[in-house]
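Have the sequence and the 3D view open as you read.

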Protein chains: 2
Amino acid sequence: MEIIRIPRIMKETSKRLLVKGRTIGFVPTMGALHEGHIFLVKTARSDNDVVVASIFVNPTQFGPNEDFGIYPRDIEGDMQKLEAAGADILFLPDAPSIYPEGFKTFVEVSGISERLCGAYRPGHFRGVATVVSKLINLTLPTRAYFGQKDYQQAQIIRTMVRDLNMGIDCVICSTIREGDGLAMSSRNRYLSPAERKAATSIYRTLKAAEGMVRDGLPLISIKENMQSALRAEPLITEIQYAGIYDPESLEEKTETGRAGLLAIAVMLGSTRLIDNILVEL
Amino acid sequence: MEIIRIPRIMKETSKRLLVKGRTIGFVPTMGALHEGHIFLVKTARSDNDVVVASIFVNPTQFGPNEDFGIYPRDIEGDMQKLEAAGADILFLPDAPSIYPEGFKTFVEVSGISERLCGAYRPGHFRGVATVVSKLINLTLPTRAYFGQKDYQQAQIIRTMVRDLNMGIDCVICSTIREGDGLAMSSRNRYLSPAERKAATSIYRTLKAAEGMVRDGLPLISIKENMQSALRAEPLITEIQYAGIYDPESLEEKTETGRAGLLAIAVMLGSTRLIDNILVEL
């Protein structure tokens, strides 16, 4: 696996590959890789001639009171995992090369960035859209891979790619889960053993809601059930949202009709966890 | 000259040219072409294998009370001029293909977009940056060409291209002027004969200020001279700005040091005109 740290060299390398007619699969990450990331890399491996993964803990997508400083970093472990999963190139830039002095351009996807996680993390998706547009312009992928666990992020990036005519395919891969259903996340490392156990209530609540959807319960009752199931878990210190949303607009759904996104964001102490599943309504 | 109206076909055409190793020079315009535009096309012609010009009157860069509806359109005349200047491809999209329903992504260059023209045209440069990023992603240029008359626009696009790693060269070409010094502009067509005559005071004021810079007058006196020269012209109904600015930050300059931008924006009745020159301080 080749390691490229300089944005200009990353871009030149990708250009050279494109001129040779190679397809490039790109997996952007913030490192601290888990099996969810590795599934993205393996999917990219099977779809493309060349696989580029990036590791960049992006400062502009963290709020001032968030976990940028303590976000888990494990470059050695990550490199071994990427190599084993078949990545050809690791793009590993430092912050000053991505945001040099005088940086002042931002990409914003209005409307859907303000809902759900956006309401609790102001500026977060502006940071995400900006860095992903930069990473796409540097790695020039044919396809880019994102996990469904970060559904809103994937939806925002898909919209940006379409609106700005970036001309790449966004591939959304299934959420990978622990044996007990907890969605894989780099932030699971923050959990105490008791919190880790309590965190299983998130997916359990989603699956129970899915059952209620199948049984034809009214959406308002399903939402109330989700909220009270989460409230019953004493280690959940805040329910940021839990309900049924439109998978396109991310607005709360009050009537059935086609697809729905069951989504949850909670705080377990100082750890923020999210999860979602798509259902037919 | 080939005419392409569909964004997808424009992008496929550009991709095919790039894979063949061709360089692409791109000249984005809003049509109603004058000799300033033609100079951009001829410069692109001499620098590149393929020259793409676009004509698109971009709705998102006009304010609600601005001249979007009456902006001059002359597609037949424009096509003849582009062909004669050596353009290979005219990209001529319609508004719904550039802004389809559900469009919601915007590119914003903070800091420099709010100054000078931006203070009088809120949202204008957000519309410019957004459409130019789209046009760049569709035409995939090696180099893009802009006129110095729209100095702030060129500066914003240069910043966006650098910040988002678009990897193209922005070439800023000299302002082309009428015999009496008035900067060429599609909006000059709006002027009555009396206003047309009065408009010459803009460049005259810039040249007089340039002389004062050479003579070493204090910047504050030069600015006062510019303002009073423009006030002396009764058909100028508003001076939006007239002074000396930093060519990078566009902040007003109060002390000498390296380069300065002498810049003016005025209203002549309902017509807004701008002009500028760069000077050594």
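## Arg5(B) and its contacts

Leaving aside residues up to four places away in sequence, Arg5(B) touches Leu92(B), Pro93(B) and Asp94(B). Keep in mind that this is a predicted model.

So where does Arg5(B) lie in chain B? You'll find Arg5(B) in the loop that links strand E1 (2–4) to helix H1 (7–19).

## Inside the nonpolar core

Next stop, the largest nonpolar core, which has 148 residues. The members that touch the most other members are Val41(A), Ala129(A), Ile264(A), Val41(B) and Ala129(B).

Not counting residues up to four places away in sequence, its contacts are Val27(A), Val51(A), Ala53(A), Leu82(A), Ala85(A), Gly86(A) and Ala87(A).

## Helix H7 of chain B

Back in chain B, helix H7 covers residues 151–163, 13 residues in total. From first C-alpha to last, H7(B) reaches 18 Å, close to the 18 Å expected at 1.5 Å a residue.

Why is H7(B) largely enclosed by the rest of the structure? Because 10 of its 13 residues are buried. Among them are Tyr151(B), Ile156(B), Met160(B) and Asp163(B). After H7(B) comes Asn165(B), which has a positive phi, near 55°.

Technical notes. Residues are numbered from 1 along each chain as its sequence is written. Chains are lettered from A and ligands numbered from 1 in the order in which they are written. This is a predicted model: local features need pLDDT of at least 70, side-chain atom pairs count only at pLDDT 80 or more; totals for chains, interfaces and linings use all residues. Helices (H or I, at least four residues) and strands (E, at least two) are DSSP runs, numbered from the N terminus. Two residues are in contact if their C-beta atoms, placed from the backbone, lie within 7 Å. A nonpolar core is a set of buried Ala, Val, Leu, Ile, Met, Phe, Trp, Tyr and Cys residues joined through C-beta atoms within 7 Å. A residue is buried if 20 or more other C-beta atoms lie within 10 Å of its own, exposed if 12 or fewer, and partly exposed in between; C-beta atoms are placed from the backbone. The expected span of a helix is 1.5 Å times one less than its number of residues.
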